[in-house]
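Here are a few exercises to work through with the model open beside you. Try each one before reading its solution.

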Amino acid sequence: MKPIVTLTVNPAIDAACVADEVVPMHKVRTRDERYDAGGGGINVSRMVRELGGETVAFYLAGGITGQSLEGLIERCGLAAVRVPIAEMTRVSHTVFETSTGQEFRFTPEGPVVSRSEWHHCLEVLAVVDSDYFVCSGSLARGLPPDFYARVTRKVKERGDKVVIDSSGTALHLALEEGVYLVKPSRGELERLLGRKATSPADEEALAREVVDTGRAEVVALTLGADGAVLATRDGVRRLASPKIEARSAVGAGDSFLGAMVWALADGRPVEEAFAYGVAAGAATAMTPGTELGGRAAIERLYADICG
């Protein structure tokens with residue numbers, strides 16, 4: 001089996017900590033600091049590796065923070081290829097306030113990528129061989145809106161299955177090329193199709209429309225605590241989210257996607273892969289800050305979902 005390849009064009013060092021209270025204009029003392037390699041595709045690869053799969057993470061990174069990100073990726077044992085850029089990689093911050101149970105998330109816009117840098121990225125990806133190629137996360141500034149569409153065309157020429165998890169114009173243009181799997185949130189799907197989903201039936205109809213119009217063979221619509229919807233040409237299936245004590249939303253969607261693609265690459269039926277995705281998303285929501293769900297918790301939740 002070929003490794004699952006992921007692409008992250010706007011990665012981050014994900015910093016997380018705990019504070020008793022977040023107060024404006026005061027020095028906020030924090031504890032339990034944690035730093036992880038983050039960004040959509042990197043998190044997807046982290047989850048694939050957690051589940052025992054083979055993966056290679058391609059990512060753009062620059063400056064001192066880019067070097068630190070590279071170190072974090074090496075520390076977690078990921079096989080990865082860094083595409084260098086001049087500007088500094090962003091650092092995101094998540095603060096959990098114990099007095100209220102609220103989570104505050106600060107996400108910088110990140111570096112500007114030059115034309116020569118993103119062209120070099122396309123050249124690097126042109127020789128990558130995979131069965132599943134995952135484009136996940138927002139576009140970095142400076143990249144053209146059709147960047148993921150360009151990647152999709154290149155990857156499909158080799159016969160690889162393209163998986164996309166993004167938003168806005170970047171998502172729209174990639175889907176115009178036709179992909180294998182897309183994992184939108186409710187809001188992303190509503191913006192893509194230009195209308196609201198006001199009921200479960202609406203959610204299922206929107207997901208099925210993406211399949212019927214040939215934009216994706218498989219749609220995994222994630223709905224947070226309301227579960228998820230799977231749409232294929234064979235029909236629509238809905239799974240409820242497991243009953244858990246949620247501690248953080250960071251990385252839950254990426255974990256869902258990583259587990260689902262891992263199961264598909266392992267030869268499991270799409271319905272089974274979908275259930276693994278729901279289990280992994282819930283397992284990550286149970287963990288604090290930037291920590292992703294562990295395999296034991298995922299397998300336990302998967303058994304509950306399928307039981």
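**Exercise 1.** In this predicted model, work out how α6 and α7 lie relative to each other.

*Solution.* Start with the two elements: helix α6 covers residues 186-193 and helix α7 covers residues 200-212. Next, take their axes, which come within 11 Å and cross at roughly 60°. Angles from 65 to 115 degrees would count as roughly perpendicular and those under 35 as roughly parallel. The two helices α6 and α7 are therefore oblique to each other. Finally, look at the handedness: α6 passes α7 in a left-handed crossing.

**Exercise 2.** Is Q67 buried or exposed?

*Solution.* First locate Q67, which sits in helix α2, residues 63-75. Then check its relative accessible area, which is 52%. The cut-off for exposed is over 50%, so Q67 is exposed.

**Exercise 3.** Compare the span of α9 with its expected value, then say how covered the helix is.

*Solution.* Helix α9 runs over residues 270-285 and has 16 residues. From first C-alpha to last, α9 reaches 23 Å, close to the 22 Å expected at 1.5 Å a residue. As for cover, 14 of the 16 residues in α9 are buried, leaving the helix mostly covered.

Conventions
Residues are numbered from 1 along each chain as its sequence is written. This is a predicted model: local features need pLDDT of at least 70, side-chain atom pairs count only at pLDDT 80 or more; totals for chains, interfaces and linings use all residues. Side-chain values use heavy atoms; hydrogens and water are left out. Helices (H or I, at least four residues) and strands (E, at least two) are DSSP runs, numbered from the N terminus. The expected span of a helix is 1.5 Å times one less than its number of residues. Buried means under 20% relative accessible area, exposed over 50%, partly exposed in between (1.4 Å probe, protein chains only). Axes are lines fitted to C-alpha atoms, for helices over the stretch in contact, and angles run from 0 to 180 degrees between N-to-C directions. Angles under 35 degrees count as roughly parallel, over 145 as roughly antiparallel, 65 to 115 as roughly perpendicular and the rest as oblique. A crossing is left-handed if the near helix is turned anticlockwise from the far one by less than a right angle, and right-handed if clockwise.
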